Amino acid sequence: MYCREKSIQMKSSASALLNNLSVLPIAEKCLTYFTVVHCNVVNMVSASGDGLNFSHRQLQSKEGSIAASSSLIIQASWCVLPSRVLLVLTSQKGIQMYESDGFIMVYWHALDIPETPSAEAVFARGNVAATMLGHYICVGTSSGSVLVFKIPDKGANIILSEVLEEHRDPITDITTETSRSKEYIADMVSADDSGLLCIWKAGEDFKLLNKIPAYGCSCSSIKLWSGIVIAGYGSGQIRLYDALSGVVHVEVNAHARWIYALDITPDSDKLLSGAEDSLVRIWKLSKSPESHSVEHQHTECVTDIQICGAKFCDPEGSAFALTGYDLCEIIRFTLV
(Lines give C-alpha, C1' and ligand atoms only; values in the text may rest on other atoms or scores of the structure.)
Protein backbone atom coordinates (compact mmCIF):
# COMPACT_ATOMS: atom_id res chain seq x y z
CA MET A 1 0.00 0.00 0.00
CA TYR A 2 1.38 3.39 -1.02
CA CYS A 3 0.64 6.55 0.95
CA ARG A 4 0.79 10.11 -0.42
CA GLU A 5 3.58 12.23 1.02
CA LYS A 6 4.21 15.98 1.02
CA SER A 7 4.51 17.26 -2.54
CA ILE A 8 7.57 19.05 -3.88
CA GLN A 9 6.76 22.53 -5.16
CA MET A 10 8.38 23.70 -8.43
CA LYS A 11 9.03 27.17 -9.79
CA SER A 12 7.11 26.41 -13.00
CA SER A 13 4.66 23.77 -14.16
CA ALA A 14 5.24 20.60 -16.19
CA SER A 15 4.76 20.67 -19.95
CA ALA A 16 2.61 17.97 -21.58
CA LEU A 17 5.54 15.87 -22.78
CA LEU A 18 6.12 12.13 -22.77
CA ASN A 19 8.21 10.83 -19.85
CA ASN A 20 8.42 14.34 -18.34
CA LEU A 21 10.14 13.34 -15.10
CA SER A 22 13.65 12.10 -14.40
CA VAL A 23 14.78 10.86 -10.99
CA LEU A 24 18.34 10.31 -9.77
CA PRO A 25 18.69 8.76 -6.29
CA ILE A 26 22.05 9.37 -4.56
CA ALA A 27 22.06 6.82 -1.74
CA GLU A 28 25.42 7.83 -0.22
CA LYS A 29 24.20 11.42 0.20
CA CYS A 30 20.63 10.49 1.18
CA LEU A 31 19.39 12.76 -1.63
CA THR A 32 17.06 12.38 -4.58
CA TYR A 33 17.25 14.66 -7.61
CA PHE A 34 14.28 15.43 -9.88
CA THR A 35 14.01 17.18 -13.25
CA VAL A 36 10.81 18.36 -14.96
CA VAL A 37 10.60 20.31 -18.24
CA HIS A 38 8.59 23.51 -18.67
CA CYS A 39 8.86 25.09 -22.16
CA ASN A 40 12.54 26.13 -22.49
CA VAL A 41 13.38 25.63 -18.80
CA VAL A 42 14.23 22.58 -16.69
CA ASN A 43 13.05 22.58 -13.07
CA MET A 44 15.73 20.88 -10.95
CA VAL A 45 14.98 19.87 -7.37
CA SER A 46 17.06 17.99 -4.80
CA ALA A 47 15.20 16.44 -1.86
CA SER A 48 16.65 15.10 1.38
CA GLY A 49 15.96 11.52 2.40
CA ASP A 50 13.53 12.60 5.13
CA GLY A 51 11.59 14.73 2.64
CA LEU A 52 11.92 17.88 4.74
CA ASN A 53 14.60 19.86 2.89
CA PHE A 54 14.56 20.91 -0.77
CA SER A 55 16.85 22.85 -3.06
CA HIS A 56 15.55 24.41 -6.29
CA ARG A 57 17.13 25.80 -9.43
CA GLN A 58 16.19 26.25 -13.06
CA LEU A 59 18.30 25.35 -16.07
CA GLN A 60 17.54 27.22 -19.28
CA SER A 61 18.02 25.84 -22.77
CA LYS A 62 21.22 26.89 -24.53
CA GLU A 63 22.50 26.68 -28.08
CA GLY A 64 26.23 26.21 -28.11
CA SER A 65 27.86 29.37 -26.74
CA ILE A 66 24.58 31.34 -26.68
CA ALA A 67 23.67 32.17 -23.11
CA ALA A 68 19.98 31.35 -23.45
CA SER A 69 17.61 30.03 -26.08
CA SER A 70 13.87 30.21 -26.73
CA SER A 71 13.79 26.73 -28.32
CA LEU A 72 11.52 24.31 -26.49
CA ILE A 73 13.10 21.51 -24.46
CA ILE A 74 11.55 18.14 -25.28
CA GLN A 75 13.18 16.01 -22.58
CA ALA A 76 15.64 16.20 -19.68
CA SER A 77 17.04 13.03 -18.13
CA TRP A 78 20.07 11.75 -16.26
CA CYS A 79 22.15 9.12 -18.04
CA VAL A 80 24.09 6.95 -15.56
CA LEU A 81 27.39 5.61 -16.90
CA PRO A 82 29.93 3.46 -15.02
CA SER A 83 32.23 6.38 -14.22
CA ARG A 84 30.01 9.46 -14.43
CA VAL A 85 26.47 10.78 -14.62
CA LEU A 86 25.42 13.28 -17.29
CA LEU A 87 22.25 15.34 -17.52
CA VAL A 88 21.05 15.29 -21.14
CA LEU A 89 18.67 17.90 -22.55
CA THR A 90 17.06 17.48 -25.96
CA SER A 91 15.35 20.37 -27.70
CA GLN A 92 14.17 21.73 -31.04
CA LYS A 93 17.68 22.90 -31.86
CA GLY A 94 19.97 20.21 -30.52
CA ILE A 95 21.34 18.08 -27.70
CA GLN A 96 23.02 19.46 -24.58
CA MET A 97 24.99 17.36 -22.10
CA TYR A 98 25.81 18.67 -18.62
CA GLU A 99 27.59 17.37 -15.59
CA SER A 100 25.05 15.82 -13.24
CA ASP A 101 24.47 19.02 -11.24
CA GLY A 102 23.57 20.97 -14.40
CA PHE A 103 26.16 23.70 -13.85
CA ILE A 104 28.72 22.80 -16.54
CA MET A 105 27.75 22.01 -20.14
CA VAL A 106 30.29 19.55 -21.56
CA TYR A 107 28.84 18.98 -25.03
CA TRP A 108 26.52 20.55 -27.59
CA HIS A 109 25.28 18.86 -30.76
CA ALA A 110 23.22 20.91 -33.20
CA LEU A 111 20.46 19.23 -35.19
CA ASP A 112 20.24 19.67 -38.94
CA ILE A 113 17.60 22.38 -39.36
CA PRO A 114 16.23 22.80 -42.93
CA GLU A 115 16.85 26.23 -44.43
CA THR A 116 13.27 26.43 -45.67
CA PRO A 117 10.43 25.92 -43.18
CA SER A 118 8.74 22.53 -43.42
CA ALA A 119 5.51 21.11 -42.07
CA GLU A 120 7.43 18.64 -39.90
CA ALA A 121 8.91 19.68 -36.57
CA VAL A 122 12.59 19.09 -35.85
CA PHE A 123 13.60 17.90 -32.38
CA ALA A 124 15.55 15.33 -30.39
CA ARG A 125 13.89 12.98 -27.89
CA GLY A 126 14.61 9.75 -26.03
CA ASN A 127 17.85 9.75 -24.02
CA VAL A 128 19.50 6.63 -22.63
CA ALA A 129 22.90 5.44 -21.44
CA ALA A 130 24.03 2.16 -23.05
CA THR A 131 26.71 0.75 -20.77
CA MET A 132 26.77 -3.00 -21.45
CA LEU A 133 29.62 -3.00 -23.96
CA GLY A 134 30.95 0.53 -23.72
CA HIS A 135 30.19 4.03 -22.56
CA TYR A 136 27.52 5.40 -24.87
CA ILE A 137 24.59 7.77 -24.73
CA CYS A 138 21.93 7.32 -27.40
CA VAL A 139 19.49 10.05 -28.41
CA GLY A 140 16.60 9.83 -30.86
CA THR A 141 15.53 12.48 -33.36
CA SER A 142 12.39 13.56 -35.18
CA SER A 143 13.76 12.10 -38.44
CA GLY A 144 13.89 8.61 -36.90
CA SER A 145 17.67 8.54 -36.54
CA VAL A 146 19.28 7.37 -33.29
CA LEU A 147 22.52 9.23 -32.54
CA VAL A 148 25.15 7.24 -30.63
CA PHE A 149 27.64 9.33 -28.63
CA LYS A 150 30.79 7.81 -27.13
CA ILE A 151 31.42 9.23 -23.67
CA PRO A 152 34.88 9.39 -22.01
CA ASP A 153 35.34 8.65 -18.31
CA LYS A 154 35.83 12.37 -17.74
CA GLY A 155 36.15 15.57 -19.69
CA ALA A 156 34.36 16.89 -22.76
CA ASN A 157 35.90 14.75 -25.53
CA ILE A 158 32.48 13.38 -26.54
CA ILE A 159 32.15 12.17 -30.12
CA LEU A 160 29.26 11.14 -32.35
CA SER A 161 30.37 7.59 -33.14
CA GLU A 162 27.40 6.18 -35.07
CA VAL A 163 23.96 6.99 -36.48
CA LEU A 164 21.34 4.24 -36.50
CA GLU A 165 18.88 4.62 -39.38
CA GLU A 166 16.25 1.88 -39.00
CA HIS A 167 13.29 4.12 -38.06
CA ARG A 168 11.34 6.31 -40.46
CA ASP A 169 9.18 8.10 -37.88
CA PRO A 170 10.11 10.33 -34.90
CA ILE A 171 11.70 8.47 -32.00
CA THR A 172 9.50 8.47 -28.89
CA ASP A 173 11.66 6.57 -26.39
CA ILE A 174 14.85 4.53 -25.99
CA THR A 175 15.67 2.11 -23.18
CA THR A 176 18.36 -0.35 -22.11
CA GLU A 177 18.28 -3.66 -20.24
CA THR A 178 17.33 -3.06 -16.60
CA SER A 179 18.36 -6.51 -15.35
CA ARG A 180 21.86 -6.66 -13.90
CA SER A 181 22.40 -10.07 -15.50
CA LYS A 182 24.63 -10.23 -18.58
CA GLU A 183 22.98 -13.36 -19.98
CA TYR A 184 20.58 -11.45 -22.23
CA ILE A 185 21.64 -10.69 -25.80
CA ALA A 186 19.60 -7.53 -26.42
CA ASP A 187 20.97 -4.35 -24.84
CA MET A 188 18.73 -1.58 -26.15
CA VAL A 189 15.31 -0.90 -27.66
CA SER A 190 14.16 2.15 -29.61
CA ALA A 191 10.52 3.04 -30.36
CA ASP A 192 8.89 5.52 -32.73
CA ASP A 193 5.61 7.31 -33.39
CA SER A 194 4.34 4.54 -35.68
CA GLY A 195 4.81 1.91 -32.95
CA LEU A 196 7.82 0.20 -34.56
CA LEU A 197 10.33 -1.25 -32.07
CA CYS A 198 13.98 -1.91 -32.95
CA ILE A 199 16.08 -4.25 -30.80
CA TRP A 200 19.84 -3.58 -30.63
CA LYS A 201 23.08 -5.11 -29.40
CA ALA A 202 25.36 -2.33 -28.15
CA GLY A 203 29.08 -2.16 -28.88
CA GLU A 204 31.65 -0.41 -31.04
CA ASP A 205 29.18 -1.07 -33.87
CA PHE A 206 25.56 -1.34 -32.79
CA LYS A 207 23.87 -4.39 -34.31
CA LEU A 208 20.16 -4.63 -35.17
CA LEU A 209 18.83 -7.89 -33.70
CA ASN A 210 15.12 -7.65 -34.47
CA LYS A 211 12.28 -5.38 -35.56
CA ILE A 212 8.89 -5.68 -33.89
CA PRO A 213 6.37 -4.18 -36.33
CA ALA A 214 3.84 -1.52 -35.45
CA TYR A 215 0.23 -2.51 -34.93
CA GLY A 216 -1.52 0.78 -35.59
CA CYS A 217 -0.75 2.82 -32.49
CA SER A 218 2.14 4.98 -31.32
CA CYS A 219 4.49 3.47 -28.73
CA SER A 220 5.04 6.20 -26.15
CA SER A 221 7.25 4.52 -23.54
CA ILE A 222 9.34 1.33 -23.37
CA LYS A 223 11.41 -0.75 -20.94
CA LEU A 224 13.66 -3.78 -21.43
CA TRP A 225 13.50 -6.33 -18.60
CA SER A 226 15.27 -9.71 -18.60
CA GLY A 227 15.09 -10.03 -22.39
CA ILE A 228 11.45 -8.87 -22.48
CA VAL A 229 10.36 -5.63 -24.15
CA ILE A 230 7.63 -3.81 -22.18
CA ALA A 231 5.86 -1.30 -24.41
CA GLY A 232 3.22 1.28 -23.47
CA TYR A 233 0.95 2.63 -26.21
CA GLY A 234 -1.35 5.52 -27.00
CA SER A 235 -4.23 3.03 -26.83
CA GLY A 236 -3.58 2.58 -23.09
CA GLN A 237 -2.33 -0.97 -23.62
CA ILE A 238 0.87 -2.50 -22.27
CA ARG A 239 2.43 -5.32 -24.28
CA LEU A 240 5.24 -7.69 -23.32
CA TYR A 241 7.32 -9.03 -26.24
CA ASP A 242 10.20 -11.43 -26.43
CA ALA A 243 13.05 -9.17 -27.56
CA LEU A 244 14.60 -11.65 -30.00
CA SER A 245 11.55 -13.40 -31.47
CA GLY A 246 9.00 -10.57 -31.21
CA VAL A 247 6.38 -12.96 -29.79
CA VAL A 248 3.69 -11.25 -27.70
CA HIS A 249 3.64 -12.87 -24.23
CA VAL A 250 1.17 -10.58 -22.45
CA GLU A 251 -1.25 -7.82 -23.46
CA VAL A 252 -2.88 -5.70 -20.74
CA ASN A 253 -5.58 -3.06 -21.17
CA ALA A 254 -3.89 -1.00 -18.48
CA HIS A 255 -5.35 2.48 -19.02
CA ALA A 256 -8.28 4.21 -20.68
CA ARG A 257 -6.11 6.85 -22.35
CA TRP A 258 -2.61 7.50 -23.67
CA ILE A 259 0.24 6.06 -21.59
CA TYR A 260 2.83 8.77 -20.93
CA ALA A 261 5.37 6.92 -18.77
CA LEU A 262 6.64 3.47 -17.80
CA ASP A 263 9.27 2.66 -15.19
CA ILE A 264 10.66 -0.53 -13.71
CA THR A 265 12.66 -1.45 -10.61
CA PRO A 266 15.74 -3.63 -11.14
CA ASP A 267 15.58 -5.07 -7.61
CA SER A 268 11.91 -5.99 -7.19
CA ASP A 269 10.51 -6.49 -10.73
CA LYS A 270 7.83 -3.85 -10.26
CA LEU A 271 6.42 -1.99 -13.24
CA LEU A 272 4.89 1.49 -12.98
CA SER A 273 2.59 3.01 -15.61
CA GLY A 274 1.16 6.53 -15.75
CA ALA A 275 -1.38 7.83 -18.24
CA GLU A 276 -3.68 10.66 -19.30
CA ASP A 277 -6.55 9.00 -17.41
CA SER A 278 -5.12 10.36 -14.11
CA LEU A 279 -4.10 6.88 -12.95
CA VAL A 280 -0.76 5.48 -11.86
CA ARG A 281 -0.67 1.70 -11.60
CA ILE A 282 1.90 -0.63 -10.04
CA TRP A 283 2.32 -4.10 -11.56
CA LYS A 284 4.30 -7.18 -10.51
CA LEU A 285 6.24 -8.86 -13.31
CA SER A 286 7.09 -12.55 -13.29
CA LYS A 287 8.86 -14.73 -15.80
CA SER A 288 9.40 -18.46 -16.21
CA PRO A 289 10.42 -20.71 -19.14
CA GLU A 290 6.74 -21.61 -19.60
CA SER A 291 4.97 -18.29 -19.11
CA HIS A 292 5.12 -14.60 -18.31
CA SER A 293 2.63 -12.66 -16.24
CA VAL A 294 1.71 -9.14 -15.16
CA GLU A 295 -0.17 -8.88 -11.89
CA HIS A 296 -1.86 -5.65 -10.82
CA GLN A 297 -0.80 -4.58 -7.32
CA HIS A 298 -1.81 -0.97 -6.72
CA THR A 299 -3.58 2.02 -8.28
CA GLU A 300 -3.44 5.70 -7.37
CA CYS A 301 -5.87 8.21 -8.85
CA VAL A 302 -4.79 11.85 -8.93
CA THR A 303 -8.06 13.52 -9.84
CA ASP A 304 -8.18 16.01 -12.72
CA ILE A 305 -4.45 15.69 -13.45
CA GLN A 306 -3.13 14.66 -16.85
CA ILE A 307 -0.09 12.61 -15.84
CA CYS A 308 2.94 13.23 -18.05
CA GLY A 309 5.75 11.72 -15.96
CA ALA A 310 6.06 8.93 -13.40
CA LYS A 311 9.14 7.30 -11.89
CA PHE A 312 10.20 5.07 -9.02
CA CYS A 313 12.45 6.93 -6.58
CA ASP A 314 14.68 3.99 -5.59
CA PRO A 315 15.77 0.60 -6.99
CA GLU A 316 13.42 -1.30 -4.66
CA GLY A 317 10.27 0.56 -5.70
CA SER A 318 9.44 1.69 -2.16
CA ALA A 319 8.51 5.17 -3.42
CA PHE A 320 7.42 6.80 -6.66
CA ALA A 321 6.77 10.31 -7.96
CA LEU A 322 4.63 11.78 -10.70
CA THR A 323 4.10 15.02 -12.59
CA GLY A 324 1.03 16.39 -14.34
CA TYR A 325 0.43 18.87 -17.12
CA ASP A 326 0.26 22.48 -15.86
CA LEU A 327 0.97 21.28 -12.31
CA CYS A 328 3.62 23.15 -10.29
CA GLU A 329 4.43 20.25 -8.00
CA ILE A 330 5.88 16.75 -7.93
CA ILE A 331 3.52 14.36 -6.17
CA ARG A 332 5.17 11.58 -4.15
CA PHE A 333 4.00 8.28 -2.71
CA THR A 334 5.84 5.90 -0.35
CA LEU A 335 5.22 2.28 0.58
CA VAL A 336 3.79 1.78 4.08
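1. Strand 9 (residues 94-99) and strand 10 run antiparallel and are joined by five bridges. One of these contacts links Tyr 98 to Met 105, its bridge partner in strand 10. Strands here are DSSP runs of E with at least two residues, numbered from the N terminus, and two strands pair if DSSP finds at least two bridges between them.

2. A quick word on the model: it is predicted, so local features need pLDDT of at least 70 and side-chain atom pairs count only at pLDDT 80 or more, while totals for chains, interfaces and linings use all residues. Residues are numbered from 1 along each chain as its sequence is written, and side-chain values use heavy atoms, with hydrogens and water left out.

3. Back to the sheet: it is open, with four strands in the order 7-8-9-10 and antiparallel pairing. From one strand to the next, the twist averages 15°, with angles running from 0 to 180 degrees between N-to-C directions of axes fitted to C-alpha atoms.

4. On to the cysteines. The whole structure contains zero disulfides, taking a disulfide as a pair of cysteine sulfur atoms within 2.5 Å. For Cys 3, the nearest cysteine sulfur belongs to Cys 313, 14 Å away. For Cys 219, the nearest is that of Cys 217, at 8.8 Å.

5. How accessible is Cys 3? Its relative accessibility is 36%, so Cys 3 counts as partly exposed. Cys 219, at 0%, counts as buried. The cut-offs are under 20% relative accessible area for buried and over 50% for exposed, with partly exposed in between (1.4 Å probe, protein chains only).
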